[in-house]
Amino acid sequence: MAIAIHLAITAAEFSTCAQLPERVAWLACHFSSSGPGLSNIPKSLPAHSLLMVDDSTPFQNHEPEHIIRQLREAVCALEAQAVILDFQRPYDKDVQKFVCTLQKELFCPVAAPPEYAQGDSPVFLPPCPLNKPLKNHLAPYQGRSVWLDISPLPAKITVTPRGSHYEVLKDISKLPHWESNLYCHYKIDIEDERIVFTLVRDLERWLTEAEKLGVSTAIGLYQEFRK
């Protein structure tokens, strides 16, 4: 593939994996539910891995300098390549202040979601829906370093008079048609009062296009890519 994929792996997967992926992203460090810093920081990782910090526990009453010290020590000890902030809660001005401080004080790249990524720091984008052209997904971030959350999973879009519904699938058979703007194979099923579009992305071609459009790093889930 054109862009190397870092596979995000949980602690449980890491401990039982017979052969680790070539490029690892640790999924994930959390804001502690009982202390001022982070929990679930790994003790070992392959060199040049990525550290992912999520907000499954909300950022509140935590100490930014303590967290920054933890991450600085972890990045150094683990020889980590970068930190990714996988924040999915609504925008919070206190989180924004923390992210700004972290990006200034940490000595490695810190990728953050669009609402938190400032200056020339990398933007960590959510997955591009299969029915959306990649160039449209990336258009607001031209000239920025973009790190893209990706998924190889197919999807089904059901359109009815009441609207549409997007559903991720696990396994599908080979699809007969090709859409070059989306880099997807697809089929259409017309039923009573609804049309069902099933799509699966040609990931290799799509990532080649992503590289041309400026994407520098891709992150996928180990559980979705393992064979």
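**Figure 1. Lining of the second largest pocket in the predicted model.** The second largest pocket is lined by 14 residues, and Asp86, Gln88, Pro127, Asp149 and Leu221 lie nearest its centre. A pocket is an open set of points on a 1 Å grid over the protein atoms alone, where a 1.4 Å probe fits, with protein on both sides within 12 Å along at least five of seven lines; lining residues have an atom within 4 Å of a point. Strand 14 (residues 215–221) gives the most to this lining, with 3 residues; strands (E, at least two residues) and helices (H or I, at least four) are DSSP runs, numbered from the N terminus.

**Figure 2. The largest nonpolar core.** Among the 53 residues of this core, Leu51, Val53, Val83, Leu85, Phe87, Phe98 and Trp206 touch the most other members. Such a core is a set of buried (under 20% relative accessible area, 1.4 Å probe, protein chains only) Ala, Val, Leu, Ile, Met, Phe, Trp, Tyr and Cys residues joined through side-chain atoms within 4.5 Å.

**Figure 3. The buried residues of helix 5.** In helix 5 (residues 203–212), Leu203, Trp206, Leu207, Glu209 and Ala210 are buried. They lie on the same side of helix 5 because they cover an arc of only 155° around the axis, taken from the directions from the helix axis to the C-beta atoms. Glycine 214, with a positive phi near 105°, follows helix 5.

Residues are numbered from 1 along each chain as its sequence is written, and side-chain values use heavy atoms, without hydrogens and water. Local features need pLDDT of at least 70 and side-chain atom pairs count only at pLDDT 80 or more, whereas totals for chains, interfaces and linings use all residues.

Terms used. Buried < 20%, exposed > 50% of the residue type's maximum accessible area, 1.4 Å probe, protein only.
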